[in-house]
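Please read them alongside the model.

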Amino acid sequence: MIPYPSWLDAGDNAWQLVAATLVGLMSIPGIAILYGGLVQRKWVVNTMFMAFTGFSLVLVGWVLWEFKMGFGEPLNAHWPGILGAFVGRPGTIVGSASEQQQAYIPLVNGNDLMPSFHFPQSTLAYFHFAFAAITPLLFMGSVIGRMNIRAWLLFVPLWSTLVYTVNAFLLWGGGWWAAKGALDYSGGYVIHLAAGTSGFVAAAVIGPRLAKDRAHGVPNNLPMVAVGAGILWLGWNGFNGGDMYFGGHNAAAAVLNTNLCTAVALLVWVLWDMLVGPQRKPTFLGAVNGMIVGLVAITPAAGFVTGIGAIYIGIISSSIVWLAWTYLPKIKPFSKVDDALGVVYTHGIAGLAGGMLVGIFADPAMAVYLNKDGSTAWSTSGWLYGNLDQLWKQAGAAGTVILYDAVMTFLILRAIGLFVKLRAPDSVLESGDLAVHDEEAYPAETATAAAAEPVGVAAAAGAAVPAPAPEKEREPDTG
């Protein structure tokens, strides 16, 4: 009797499951808490609800048809050009044979582009589900405070099916750009550039928040933001540390590079704020923005660059995004689109910057896979090491993601809009959570205290029992 088949390595399997769980924690509670602290208090429940439902919707679609669209056989390999390696054929992985077989990506393992996996298909599927789930949750930050919840529940599975799986197949599943040699270690393009692009388009299509909400969009809970940001930062160890699929030397380097780039980017943003920012003061929210930029920018490069490369990526990406955040909102189209939490900057532009910078700093001395004698079996190089072509490959892949995601996001939203209003009515937007969910994140203390203390206890203590407060009129959720 044996516990598992000979091809399974307990260490690799355990690390992949832990890494997947760390990425999952970045969504719930990470994004739910981070975004929940950044929004106005009347939208906290709605934000958390969107995060939990989005996470659940992606998981169901992922195991029933989406995983094989991103990591399976091509839909039709006989189609010409990019169309023949654009997306995989839909199919389920639910069942003992699928879940317990050795993990396998046909266009990658089948062409001997990487070592065979040492864990089952269920581990691979869950690991990549966590990436698929966080992507719509990230661009949720662009449309917070006005998107009809019914439209959200329709949009997430459609976008995940028609957009995310294509991005994943093109760059990770052995699709067209992967075959051309474009690099995306862990999702700078597949996740972050996609989230920034789709979020910006969605914000433009749905329209802005109420004018007074935009004018007074102050975070409701900075300690809550700190907790969410901390979960995001440390959860990224699974994000980048797990995406080489093996618990080895390259995963360790990716984790170190991730944290180094993040720390540098945070400090650079703080310096920009202090030296030339509007208030000339360091702000916690600025530090969080710098942190996110660093995490995003190192994602496409984590295991392909050295620590020195990670430092340069942190400095350059944080400076680029700080300047974009400061000056682009003053010009069209950025001045016309209400991207509530600035996702287009901290994820879209940061992901684009990181993807291009890996084309500069990728170091051939960073061994990704080894030969049996310990020599390098596979590594990659950027412009600084004589490979200028890598920059063009990175630019081409980025352009494909931006164009395809923008067009498809627009079309999906327009199609949903034929049946459901994309934007909640202004009367609902005035009330927020009470109108949409009949719940509040921070109920009035007097009402809470009265409800928590039994009448008999209050009377026995000689206290006057307050009369029940009249229920506040609520606008119906007509969305």
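1. Angles under 35 degrees count as roughly parallel, over 145 as roughly antiparallel, 65 to 115 as roughly perpendicular, and the rest as oblique. Axes are lines fitted to C-alpha atoms, for helices over the stretch in contact, and angles run from 0 to 180 degrees between N-to-C directions. Helices (H or I, at least four residues) are DSSP runs numbered from the N terminus.

2. This is a predicted model, in which local features need pLDDT of at least 70, side-chain atom pairs count only at pLDDT 80 or more, and totals for chains, interfaces and linings use all residues. Residues are numbered from 1 along each chain as its sequence is written, and side-chain values use heavy atoms, with hydrogens and water left out.

3. Helix α10 (residues 222-241) packs against α11 at about 140°, the axes being 8 Å apart. The two helices are therefore oblique to each other.

4. In contact (heavy atoms within 4.5 Å), α10 contributes W233, W236, N237, N240 and G241, which meet A251, A254, V255, T258, N259, T262, A263 and L266 of α11.

5. T299 sits in the loop between α12 and α13 (307-327). T299 counts as buried because its relative accessibility is 0%; buried means under 20% relative accessible area, exposed over 50%, partly exposed in between (1.4 Å probe, protein chains only). Beyond neighbours within four places in sequence, T299 touches Y185, S186, G187, G188, H192, W236, F239 and N240.

6. Q279 is in the loop between α11 (249-276) and α12 (284-298). Q279 counts as exposed because its relative accessibility is 56%.
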